[in-house]
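Colleague: Hi, could you walk me through this model? I'd like to go through it piece by piece.

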Amino acid sequence: MYDAVIIGAGSAGLMCAARLVSNGVKNFVVLDSNSKPGKKLAVTGNGRCNLTNLELEKDLYYTDDHKLLDSVISRFTVIDTINFFEKTLGLKTVNKDELVYPRELKSSAVIDVLRLYIPLECFVFDSKVTSIRKEDDYFVVEADREYRSSNIVIATGGRSYVNTGSDGSGYKLLASLVPQDCFVPLSPSLVQLKTSDRDLKALTGYRFSCTIRLVCNGDEKACETGELLFTDYGISGICTMQLSRYLESGKNTIVVDFLDKDEDIIRSCIENFPERDTRDALAGVLPGVLTDIVLKRIGVKKLVSNNEIDRFISELHEFGINISGTNGLDNAQVTRGGLKLSSLDENLQNKLIKGLYVCGEVVNVDGPCGGYNLQWAWSSSVIVADQISRSIV
Ligand SMILES: Cc1cc2nc3c(=O)[nH]c(=O)nc-3n(C[C@H](O)[C@H](O)[C@H](O)COP(=O)(O)OP(=O)(O)OC[C@H]3O[C@@H](n4cnc5c(N)ncnc54)[C@H](O)[C@@H]3O)c2cc1C
């Protein structure tokens, strides 16, 4: 009989285990269907792992229980997280503005310090949990064999990037224990956007530094500045992912400002090269394919009059992209929905089933890019580990 069985050796499961060790608890096991720990952690931040955010704004998370989310992150804060990584696990961190990374800018360093702090014998890999049942005052976990404990931690992640192991089976395990109304339906968050605008195909592979706004059913929802990448299905890049969080049903449009305050440069190029066609006149400031698309959209072949130049500039400021959908859960960085946070008590223990703890992305909490989702994994798993440690002393 173990003091705890942790299901999932991802961000939350590893941190939960490390915290148990630092609290002096060693009689636990971490099960994972993968053959090694932290497969999703390895791909975070483009392989650099954006650990957390020094200016984390809790209001930016989506959840069904903001009060509990606030309490969890206030009890194990961003600074607590950095201190734990630095002082307990021995990871050196660096900041790039408000974003915090391992000093080596390698996610493998984060996985290594967590993995090495946890005794090797506590891990069982290639062990997929297929069922959990409650017997008297303990749980029986079916995986490569049966495991028994009065404390179970579900840290199975969301349902995106399935090849990292988070295949959604954690929701099924939970659904066998708690009522169906404890779940919020799953949807993709932080995901690329698709468009049906055929004229944009020609822009595939182009990147722009620009400001983009999301307009849903006529109302502006959010605005981001950064790099916009055009792809064969639509648009990508961090600012696209950020805006994808605010999509609504109905008509969604991304409005791109390609120019910011640079409109004088367009006027001067047209004035300086009157003999050239517009594409060539603007060759030094805009890709020719974009010039062609914008000319077509405003129905002009060559910019000559001031009115035509004004309309061209205005289209570059307000370039609309009709959004037809997202690239789906499989390609999303984060899953929205899952087990309602409000079904858990202040220590993330199920309100009805004693000893059933849940942390990380399987819970209905998701944040923007910039270390928010890992911070939730760190804070929620530490709260769980501390409660388990208190309960077994
Ligand atoms: C490409 C990408 C980049 C990202 N970059 C960042 C970033 O830079 N910063 C940030 O804050 N967030 C980032 N995220 C989000 C972040 O990685 C996740 O929110 C976080 O890893 C969730 O942690 P978790 O422990 O809940 O789930 P996971 O890390 O997904 O771990 C879940 C584990 O549970 C195991 N498991 C699942 N079901 C079972 C089962 N039935 N039996 C046994 N084991 C099981 C899985 O194999 C997996 O190892 C990124 C995500 C992606 C996809």
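Colleague: Which helix is Q375 found in?

Modeller: Q375 is in helix 12. Helices here are DSSP runs of H or I with at least four residues, strands are runs of E with at least two, and both are numbered from the N terminus. Before we go on, this is a predicted model, so local features need pLDDT of at least 70 and side-chain atom pairs count only at pLDDT 80 or more, while totals for chains, interfaces and linings use all residues. Residues are numbered from 1 along each chain as its sequence is written, and side-chain values use heavy atoms, leaving out hydrogens and water.

Colleague: Thanks! Is Q375 buried or exposed?

Modeller: Q375 counts as buried because its relative accessibility is 0%. Buried means under 20% relative accessible area, exposed means over 50%, and partly exposed is in between (1.4 Å probe, protein chains only).

Colleague: And what does Q375 touch?

Modeller: Leaving aside residues up to four places away in sequence, Q375 touches L51, T52, L56, Y61, F76, T77, V78 and T81. Contact means heavy atoms within 4.5 Å.

Colleague: Let's switch to the ligand. Which residues come nearest to the ligand?

Modeller: There are 32 residues around the ligand, and S11, A12, D32, E361 and L374 come nearest. A residue is near a molecule if one of its heavy atoms lies within 4 Å of it.

Colleague: What polar atoms lie by the ligand's oxygen atoms?

Modeller: D32 has a polar side-chain atom 2.6 Å from a ligand oxygen atom, and E361 has a polar side-chain atom 2.7 Å from a ligand oxygen atom. L374 uses a polar backbone atom, 2.7 Å from an oxygen atom of the ligand. A polar contact is a pair of N or O atoms within 3.5 Å.

Colleague: How much of the ligand does the protein bury?

Modeller: The ligand taken alone exposes 1000 Å², and the protein buries 97% of that. Those areas come from the Shrake-Rupley method with a 1.4 Å probe.

Colleague: Which helix supplies the largest share of the shell?

Modeller: Helix 12 again, with three residues. Helix 1 (11–22), helix 2 (39–43) and helix 12 each supply at least two residues of that shell.

Colleague: New topic: which residues of helix 8 are buried?

Modeller: In helix 8 (residues 263–272), the buried ones are I266, C269 and I270. They fall within an arc of 95° seen down the helix axis, so they line one face of helix 8. The arc is that of the directions from the helix axis to the C-beta atoms. D264, E271 and N272 are exposed on the other side of helix 8.

Colleague: What covers the buried residues of helix 8?

Modeller: The cover includes helix 9 (278–281) and helix 11 (306–317).

Colleague: Last one: how many helices and strands does the chain have?

Modeller: The chain has 12 helices and 21 strands. Of its 393 residues, 54% count as buried.

Notes: Polar contact = N/O pair within 3.5 Å; in protein donor to acceptor, adjacent residues only side chain to side chain.
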